[in-house]
Amino acid sequence: MAPKPDTLQGSLDLLVLKILSRRSPLHGYAIMSAIQDISADTLRVEEGSLYPALHRMEESGWIRAQWITKENGRRARVYELTIGGKKQLGIEESRWKAVAAAVNRVLREA
Amino acid sequence: MSILRRVANLFRTKQLNREIDEELQSHLEEAVARGRDPEEARRALGSLLRHREASRDERLIVWLDSLRADAVFGLRQLRKNKITSAAAILSLALGMGLAVAGFRLLDAFLWRPLPVAHAEQLFAVARQGLGPSGDFRVSEANEYPLFVRERAAVCGEAELVAVSYSNRAELTFKTDDEIEKVERQYVSGWMFPAFELLPAAGRLFTEDDDRTPGEPAYVVLSYEYWTRRFGRDPSAVGRTFRMDNRIFTVIGVSPKGFTGTEPGTMIDVFVPTMMHEGVTHSDWSWFRTLAILQPGVSVDTVREKLQPVMQAFHEERAKGFKTEPKSFLDRFLSQKLLLEPASSGLSGMQAEYRRPLVVLGLLIAMVLVIACANVANLMTAQAAARHREMALRISIGAGRLRLVQLLLMESAWIAAAASAVGGVFAWWAAPFVVARINPSNSPAQLALPLDWRVTLFAALLTFAVAFVCAFAPSLRVSEVEPAQALKGEERQSRGRLMLTLVATQVAFCFVTYFAAGLFVTTFERLAHQPTGYSSENLVILTASAHQPQPPPVWDEASGRLRYVPGVESVAMAGWPLLDGNGWNGFIWVNSQSTEVLAYFLSVSPGFMDTMRIPLIQGRDFRPDEVFPGKAIVNEAFVQQCFGGRNPLGQWFEKETGDGVTRWRFEVVGVVRNARYRNMREPMTPTAYVPFFRTNPAGLSEPEPKDGGSFIVRMRKGSPAALMGILRSEVSHARPELRVSSIRTQVEINEAHTVRERLLAMLAGFFAAVGLLLAAVGVYGVLHYSVLQRQKEIGVRIALGARPFDIARQVTVEMSFMAAIGMGAGLAVGFATVRFIASLLYEVKPTDPSMTITPILVIAGTIVVAALPALIRAVRIDPASMLRVD
């Protein structure tokens, strides 16, 4: 069963940064789809919380955005990672690993 | 996202909302395109409005939050380095305080619109042409009969208002013993309605109060005078007083803030133009004409209508000119009428002080730049000291812009604190300077309100200074290489930026010093200009009588003064030399008109002796000689009218002013040149004539006089208290005479150098401040560069470098930059000197002493400022240096 989207809180930034570090630029919908596809629908991004998160990260200087016109003529706002974002990704990744390792240890040894 | 865009975001929320909406819309479209149900997609996304709010808040709040954090951190940084921060704030406060004070002055004097309706539509009617001596001039003075025609000619397109040149008048509300001096201005009755001014009490003039010459004897008091004299007592309206032997009635009080149309003078009483004698004279120019243009009417339209009216009037007048030279007539008829913008009023003081004040403003700007450069250098040095901190911030993800924001907040704190301190300084400084414009017995009076204009200027200045000061350290921060900095490597930059700033400081310092030198020399040359007589120990009593008094009355008063202890000699004259009064006319020799415009002064026998003007030929006047008939002339007169020939016994003539008759004079004496009008012009040809005139009624006793000056020479070392005794002695001797003013000749002479004294004093002060600040700058930069390179210097010393080599190495760049700065300053100084040439007197900017002195002084200051850092460098202990790290 898919976890409640709430549990993504805290790791949404990590996921977005990671996705953008692999393929960018991407627009919001594509980021969302990518997270869903790669996690085989295990992780679902609540569509409503994606954009505020993107804008916050943009403000923090981790990602930057620009408007492009796609081949079908529609305009879309696409995001890509900045240098600051790359560093942030490193920080978040190691934090996640530390947390995950700690949780695993608890599961194993408790 | 740039800081600018973030700031813009604050104010452009609409645009931001649109962007967010568009992005969400594109999300929905994408979802639908991938085959999802539109309704389901919309539900999944949630309320558009909520998103929009959340996203916008994210953008703004993150920024505001960082701003707050930076502000707190910046403040903490400043408090950590208390002494350097205080130095930065104080030096900047001085610069900013000067700037605000300068702005208040310039604004109140030159730029602020008059507090009247349609000030922007206000123009002054002026005429441009060649003056009597062939000099190009623009004059605003007008004749009343012409004014009446002009007003009718532009009726419907512009309203013309006559406002006289303000003058000092004497009035009394009680008895003659309680005379008050007031500033008086004659104004058209319809001025107040045209300016849409409302009375503070009583009523103001209307057109009906200004129809018949000589009436009505009404006045309107100004709000300031009403406050000062009557404590805003409403019963002041209706009171009467005597002025010029007429009884006037107060009918009302002008509104608060309106102080007349002459910046620099605050009018006390307004009188209708019809009360001025000149309204019936075609040859009296005694007022300015202000034109209030109707909306949509162009300046040219009005000008083209006025020009022919003036031309016709002048042609009529020219028919009356019988004796004037032809060239004079041509010049008179070729005058052109101009309309000059006058939204901020017009005054002679404004014209005289416009350029000096602008020059002072520019000097202040330079001092401010010097101060800013200091703060920028200080912050750059601090930023360098915090190099690792900055590198750490970058490596954990702070954008460089974020660091710039941090620096900006710091400099904003400094600028804000400096503007607060500087504001207090400006509060005091602006009135201080105003009181020193014009001679001390009639100082400039200027309303200096602290209104939105001043506040806005101070705010803009604070922002500008904050940005300028943060600029240099920001460049520095943007170079930070985190990897190297964190490894502990010192940056090897030599602080080229800081040196450039020092060069700028030296350049501006040179310019201020150069200008100050020119102004101080000008003042000294003028103040020590020989006057041709001895001013020391001369006291001038100016006396007047209600009814003209015959010679015995004057002679008796003069005789009584002579017996006051301490008085050496007494003479009488129409007015003292150099007090601003003048009486002139073209001279005729052998019944031929000449182009010589000579100045006349009526004097009693003994005048030359009392003044110590040496008589070189002939004799003094005899007691029975009256005007006209005999004259004593000066050398310039002999040179210009008689070609240097012996003039004794020769005759010359002066026009009487009616255009037909002339007075004849026989030269009985020749004296050395003495200054009559001012200190700057070449000596004017001057003729001294007897004090009393022949009686027009044909009586043998000369004509009675209603005014004159007693010239009293005191013995050396006589106490100043004697001046009071002199005053009472005159009225004791003859109660008919009243002493209206008592001055020393030295005071009168000094009035001619007030402007130069002010310029010299302030420019000198700015130069000193600039020098001090530049010295601090040099000291700081050298000190910092030695600190930065102490390891390197240590190594060199260890390897055997001699102190001299170290000193040279430390100072070579600084000397180079100082030389560049000096060169730039020299270039700027010479390029701009033309602008101040009219303010200079007998001093050449190219005079080597004018440039060498500042160069030597600045160079000397730099050496002194550099010494501490040099000593520190030379004394570096290689052993301890090499142990560091």
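Biologist: What makes the pattern of chain A, read along the sequence, α-β-α-α-β-β-α?

Modeller: In this predicted model, helices are DSSP runs of at least four residues and strands are runs of at least two, numbered from the N terminus. Chain A has four helices and three strands, and read along the sequence they follow the pattern α-β-α-α-β-β-α.

Biologist: What share of the residues in chain A is called buried, and how is that decided?

Modeller: A residue is called buried if 20 or more other C-beta atoms lie within 10 Å of its own, and buried residues make up 32% of the 110 residues in chain A.

Biologist: Which residues of helix α19 of chain B are called buried?

Modeller: Helix α19(B) spans residues 635–642, and its buried residues are Glu635(B), Ala636(B), Phe637(B), Val638(B) and Cys641(B); these are therefore the residues of the helix that reach the cut-off of 20 or more other C-beta atoms within 10 Å.

Biologist: How do you know what these buried residues of α19(B) pack against?

Modeller: Two residues are in contact if their C-beta atoms lie within 7 Å, and the buried residues of α19(B) pack against several strands of chain B, including β16 (584–589), β17 (592–603) and β22 (686–690).

Methods
Residues numbered from 1 in each chain as written. Chains lettered and ligands numbered in written order. Predicted model: local features only at pLDDT ≥ 70, side-chain atom pairs only at ≥ 80, totals over all residues. Buried ≥ 20, exposed ≤ 12 C-beta atoms within 10 Å, placed from the backbone.
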